[in-house]
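Hi,

Here is the structure for you to look through. My notes follow below it.

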Amino acid sequence: MRHAIIAASLLLSTSGAALAQNLDALRDSLDHLPATVLMQEYGDLAYFVDVKVAAGLAGDDAEVRPFSRVLTGADMLALQSLASSEAAEWESKAGTTIDRVQYFAGYGRPPNVHSFWGLSDETAAADLIAALETVGFESAGAPGVIGNGEPQRMDPSKRDPSDPWRTNIGAAQFAAASGTNVVQAQTPQAAMIAASQQPRLGENPIMHTALSGLEQSVGDSQLVQAVVISPLFGMTGLDPSAFLSPSADMDETKKKIEEQMAALGSGIPPYLGGIVVDVQHESQGVGIALAYPDCEIAQQAADSIAARWVDLAGDAAQGEITAHTAEGEGGLCAATVSVYLNEDNAAQNPAYRAVVETYMRGQPGVLQIGQS
């Protein structure tokens, strides 16, 4: 039987400084991603993985593969190669050491993927660029950009799953330093633009509001990974299979269509954007923070998400649910919901998967926008 405890307020035992520190890496990544990320025509705008936290979850258990918990929608080559390689082999080709990497963030769809290496400081970023120049990277024509070949040219002979600077078809990569980050892109122009001085995603009031919400909802939990979402995340369309019937029975086809329409007709109030995070405390959990025009609507949304969670998230994702609001920037308000699981023995966090995988499958989920 499903069990949930829905609280109207959130009790915190941690200080404000501790809360802020817990989100520092995520906040820093948003301060490097271009604000134009918000203009993408899909709902999962960007992905983030805290390298130190994700690697540390394995502890001393040799049977647990580091990064096995990570789910991403962005094609971050650096993370993929790190997750599938031995540390020493990866470091020999990466241009840096794992202990100097704080996080990876990324956005885009192949072949226009952008990855951000969040390093410990600006010296680490400069050292990475210098190291790449000793292993075949050269000036790529765009100011401040280096690369290891011709853009988007397939070369299977150079394919190497342990090399974060080659695609799975052996294509070249391009890098540019941006403060404490190194931008990785598929073309020199893309790397130059992503690293250039321009408005950043973290400066947007929607993101400020979502971060304020997360400061309250995740407490002193460790943040493993996150996805930044737009309203399109909650506007998943009809499943085409609903219109396909294995027979000529029109009543059966009509029933499928009505079921889909009913699912799309119920949901939460439209949001401006937000962030969903995978967290680890005493158990696995998820933190959700969505930006709304005011706190009245935000509270309605938080309560609706909590109720929908019990019905839609699945048995493995049930736990203690807390729903609340947090004031944001410019009059905005965050609907904040956290869920900490009753069971905590899954390789991948069922609560985080319950939100992200429904979107990836094109199915209406807990954050579906519709009539409450």
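A disulfide joins cysteine 295 to cysteine 333, with an S to S distance of 2.0 Å. The term means a pair of cysteine sulfur atoms within 2.5 Å. The structure holds one disulfide. It links distant parts of the chain: cysteine 295 lies in helix H10 (residues 295-312), cysteine 333 in strand E13, and they are 38 residues apart. The torsion about the S-S bond is about 95°, so the disulfide is right-handed.

This is a predicted model: local features need pLDDT of at least 70, side-chain atom pairs count only at pLDDT 80 or more, and totals for chains, interfaces and linings use all residues. Residues are numbered from 1 along each chain as its sequence is written, and side-chain values use heavy atoms, with hydrogens and water left out. Helices (H or I, at least four residues) and strands (E, at least two) are DSSP runs, numbered from the N terminus.

Are the two cysteines buried or exposed? Buried means under 20% relative accessible area, exposed over 50%, partly exposed in between (1.4 Å probe, protein chains only). Cysteine 333 is buried, at 0%. Cysteine 295 is at 28%, so it counts as partly exposed.

Now helix H8, residues 205-217. Its 13 residues should span 18 Å at 1.5 Å a residue, and its end C-alpha atoms are 18 Å apart, which agrees. The expected span is 1.5 Å times one less than the number of residues. Buried residues in H8 include Ile206, Met207 and Leu214. The buried residues of H8 pack against several elements, among them helix H2 (24-30) and strand E13 (333-341); contact means heavy atoms within 4.5 Å. Glycine 219 follows H8, and its phi is positive, near 55°.

Best wishes
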